[in-house]
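Work through the exercises below with the sequence and the 3D structure at hand. Each task is followed by a solution in steps.

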Amino acid sequence: MWKPACRLPANARRGRIGRPWGSSERRSFSRSPGILSRQPPTSGHAARAQVEQEKRRKEKEKAILNAQHSVVDGHNIKWTETERIVYAGATLPGEKKDTTLPFPASYSPQYVEACWYQWWEKKGFFSPELHSSLPHAVDQSFSMCIPPPNVTGSLHLGHALTVAIQDALVRWRRMQGHKVLWVPGCDHAGIATQSVVERRLLWERGRRRQDYSREEFLQEVWNWKNEKGDEIYHQLRKLGASLDWSRACFTMDPDFSSAVTEAFVRLCDSGLVYRSEGLVNWSCALGSAISDIEVDMLELRGRTLLSIPGYEQKVEFGSMVTFSYPLEGQDGEISVSTTRPETMMGDVAIAVHPDDPRYQALHGRECRHPFTGRLMPVVTDTVVDMSVGTGAVKVTPAHDQTDFLLSQRHSLPRITVIGEDGTMTSSCGPWLEGVKRFEARERVLEALVEKQMFKGKMEHPMALPVCSRSGDVIEPLLKKQWFLRCGEMAKKAVQAVDDGELELIPHLHHKTWRNWLSSISDWCISRQLWWGHQIPAYRVSFPGSTDADTEQWVWGKSEAEASERAAAKFGVTPDAITLTRDPDVLDTWFSSALFPFAMLGWPQKTADLQQFYPNSLLETGSDLIFFWVARMVMLGTELTGQLPFRQVLLHSLVRDKHGRKMSKSLGNVIDPLDVISGVSLQRLQEKVKEGNLDPRETAVAMEAQRRDFPSGIPECGTDALRFALCSYKAQGEDISLSVSQVLSSRHFCNKMWQTVRFALGVLEPRDVELLLLAETVPVSSVDRWLCSRMYSTVQQCERGFENYDLLSVTSALYSFWVHNLCDVYLECIKPLLGQQGAETAEQRVTARSVLFHCLTITLSLLAPFMPFLTEELWQRLQPHAGGKSAVVTSLCLQPYPRSSQLTHWYFPQEEADFPFVQDVIRVARTLRSQCCMTKAKPDMWVVCAPNQAEVLLQYSSAVQILSRISRLHLHCPEGCGTTPSALQAPPLPYTGAVGVVDHTCKVHLSVQGNVGTDKQSAQLSQRRQKLLSKLEQLQSRTRMPHYAERVPQRVRQETENRITALEEELKDIDDQQQMLHRLREQDS
């Protein structure tokens, strides 16, 4: 069911399933755009949109093929192969990993991910039954189903995004103490699975499906499913998905099949399912109707030759033919245009607009068909667009959706001229009967020329509907099918959103939801396949009856029940009737729409159904909002009386780094396992060749791979992939995923590994026990600042998870670990932890306790995103907690950190002050770099306001360590207010480097001798030019007319402060340039 789709499906645009923008239908199938459009004003826009879409596609291809190999949007993947460390512990499958083994020197995903998942699964950590044993359990439940992927497929990065988001939410709720149920499932994927097995049988045994009985073929499908069907589940486990595998659900399982039968029978009984004649998407190559999602729209800019299954020569598309029909009983003719001249054999009328002056005299007249002799009336209908083409259009009801609707309004016959096998029917006459449809096209054109009715041919942009499974051109065929009435159910679905009972997140989808469901059509739910849920409907016949055309149908959960219903309906005994079951199966989307409640045992009133239905949340890709989400809402409400879920979280679609949709047809799909384990460029290219792509698409895909992955894809690991996927803004614009982003997350994993490795070293020996979290009260300014940052980070995580804003959560955690914990705190406490004196013993205990608790808290916060790495590191840290170790054995069952537990760590003043300290350190480091200082530790003077001096005094130790200076001197200029009494600094140096922090603070660094004066001078000159440009921009704003009246006072003040700071820094640069000049003169 998870089919990557970044487009609107074919029939969605044509109105087959109720899309409001059906105007492109004319281009898709027959005539010039808009002639029979239900929305004529948009036809020109649709044509331009298709041209623009094709233009953008060509531009992207050209950019890929023509760009230099050395540049990839400025973001080449730079990496070197590192040693792969393998876990060598004697751990049996399902046993807990041995974390007492020596801590490896570097991070290795293969080492980290070993053993953990098997242990989690064997222990039942993902089962809701474990909830009652949790000390922090709360009386709340959380349930969700995974969008069941197709049993035929393998996961791609779009699936990995879904899994990463869903598992993060599930693990978060479980750690909060909720009773969590996340059900895995797999979709039987009727058309896809049947196609795969048919190809396999033809390749291996040379036999077609028709060479088997239905029962024999279905057994072959089950054999294939049992052999290959677990691949998806293996990938989900590899991604770390914490699913309850004891409840795994396959849509063809007996219980699920019973639920499908129950649903069909109930819907029939309520009158919502009915049988009628209608047009379907027919794949002649497959011999079946297919669903809208399985129709690709191939955009053609003009005349194009395409390879079509069953044809030795390529077939021409993208051309429009004009020919005429002679009027009956008078001289004259009417010209019409079409892209499908072979369908003229099924024409039954000519349609014109009633107000078109060109045809006023022809209303009610008739034309004579030149080949069949059929008389065709000239009918009037306002749906015809007078401005397009000749203003007259041929009507072929049996092979065009709009014509079919028109035929209903005008009581026109429907003549099928193309059969299920793609050949012309007997209705065309002996000269065409049995001829393939596209070969018949050429014969018809030759015959029109011969009769002097051919008027011309021209190139014509069009959208050609193609079967995604076979590559065959879709043929609209008129067939009797089972349909589901959607009107009333759709109204309830719209009302649920309008009333707030159902929330779509983000809310931008509300309008689209309302528009689509407000104009929905009835849903054709039958498919001409063998693999799937055979429709539980039976045709009733009576012995001796000769009326073969009249259909009488009954339905039932079994043939016996259907027989009883038929007997009661017709007032006869069961022996007096014969039942023949419909050979068709139900659309795969029908069974998928039942998943939220059928997976819980519906229609039986199981304990799971009572406790976990409705589901708490549905999370899926925004491309499935109509095909799956809307149908679940409609059928769930209808069959259970309740909405299937309360919230729908829709994430964006994943595109490649060039902005192209990830599609097998483009060859740019990336297997998440290749990102996790690494893959060579050679293997990537082999996969493209195995895809049977168009030669041009193959060339583009392989060139993109050579540019993007010249050395292949490095081993990034599951945790890095999941963290990277959750670090994008998933709600809104599409995600252009680059593997370099995943590699950056792998570097973060290594940072975490090295941090804990350092911590384990400083936590030894264990002679002094660490303080409990509640007892750990930070004393030093840096301790207080870090603890307060920890408190604020926990708050950010709480808000982010509650709002489903995972980007804010991952950003907060990355920033805390890298920028707060590693860049600042660890560097500040290293000298302290290296001391042995009794006078600093208490400080060391506090620092070690703060470090330990910050690590364990942050690992718990990261656990929903990085389950393997956090488990490994957390388990390594636990022995240092002594007797105060957690009761539970796994991090995934630890309580999720709450800010309410850390209120004693909240110091808002320290958090407000420290950014200024960091700015001073940043300027100092910049000056060191400009002066080419590597080992030297100069004195530093800071000229600042008294309140700033107070802050720097408070953090003087951190400033000295992080700025790498020997002494810090503070100066407060006269007239700045009260000067701290602690300031007793020597005068400012005559020579030195100067940097500006803000308009009230400067940093002076003493420079001894000629230390890289030429380089420093060049850097200062470059800096001066940048500052002059910024200064001119700010000053130009202040010279704008009415600046003082229109710009708020606060903004004006900020601008003035920035101008003052820039002017001060420019003055300092000039002073430094003069100083450097003097130094060079002294040396000379």
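**Exercise 1. Cysteines**

Does C145 count as buried or exposed, and at what relative accessibility? Then find how many disulfides the structure holds.

Solution. This is a predicted model, in which local features need pLDDT of at least 70 and side-chain atom pairs count only at pLDDT 80 or more, while totals for chains, interfaces and linings use all residues. Residues are numbered from 1 along each chain as its sequence is written, and side-chain values use heavy atoms, with hydrogens and water left out.

Step 1: apply the cut-offs, where buried means under 20% relative accessible area, exposed over 50%, and partly exposed in between (1.4 Å probe, protein chains only). C145 has 1% relative accessibility, so this residue counts as buried.

Step 2: look for disulfides, each being a pair of cysteine sulfur atoms within 2.5 Å. The structure holds zero disulfides. For C145, the nearest cysteine sulfur belongs to C249 and is 9.5 Å away.

Step 3: repeat this for C854, whose nearest cysteine sulfur is that of C787, 5.2 Å away. C854 is in no disulfide, and at 0% relative accessibility C854 counts as buried.

**Exercise 2. Salt bridges**

State how many salt bridges a search of the whole structure finds, and describe the pairs made by R171, R565 and E475.

Solution. Step 1: side chains of opposite charge can pair when their charged atoms come close. The criterion for a salt bridge is a side-chain nitrogen of Lys or Arg within 4 Å of a carboxyl oxygen of Asp or Glu. The search finds 54 of them.

Step 2: R171 pairs with D167, and their closest N and O atoms are 2.8 Å apart. The two residues are four apart in helix α6 (residues 157-175), so about one helical turn separates them. Helices (H or I, at least four residues) and strands (E, at least two) are DSSP runs, numbered from the N terminus. Both R171 and D167 are buried.

Step 3: R565 meets D269 in a salt bridge with an N to O distance of 2.8 Å. This pair links distant parts of the chain, 296 residues apart: R565 lies in helix α15 (residues 559-570) and D269 in helix α10 (residues 254-269). R565 is partly exposed at 28% relative accessibility, and D269 is partly exposed at 46%.

Step 4: E475 and R340 form a salt bridge whose closest N and O atoms are 2.6 Å apart. E475 is in strand β18 (residues 475-484), whereas R340 is in the loop between β11 (333-338) and β12 (349-352), 135 residues apart. E475 and R340 are both buried. They also belong to a network of salt bridges that links R340, E342, R437, R441, D472 and E475.

**Exercise 3. Strand β33**

How many residues of strand β33 (residues 1001-1006) are buried, and which strands pair with β33?

Solution. Step 1: six of the six residues of β33 are buried, so the strand is largely enclosed by the rest of the structure.

Step 2: in a regular strand the side chains alternate between the two faces of the sheet. In β33, C1001, V1003 and L1005 point one way, and K1002, H1004 and S1006 point the other way.

Step 3: two strands pair if DSSP finds at least two bridges between them. Strand β30 (residues 940-943) pairs with β33 in the antiparallel sense over four bridges, and V943 has K1002 as its bridge partner.

Step 4: strand β32 (residues 992-998) is antiparallel to β33 over six bridges. D998 stands opposite C1001, and a hairpin through two residues joins β32 to β33.
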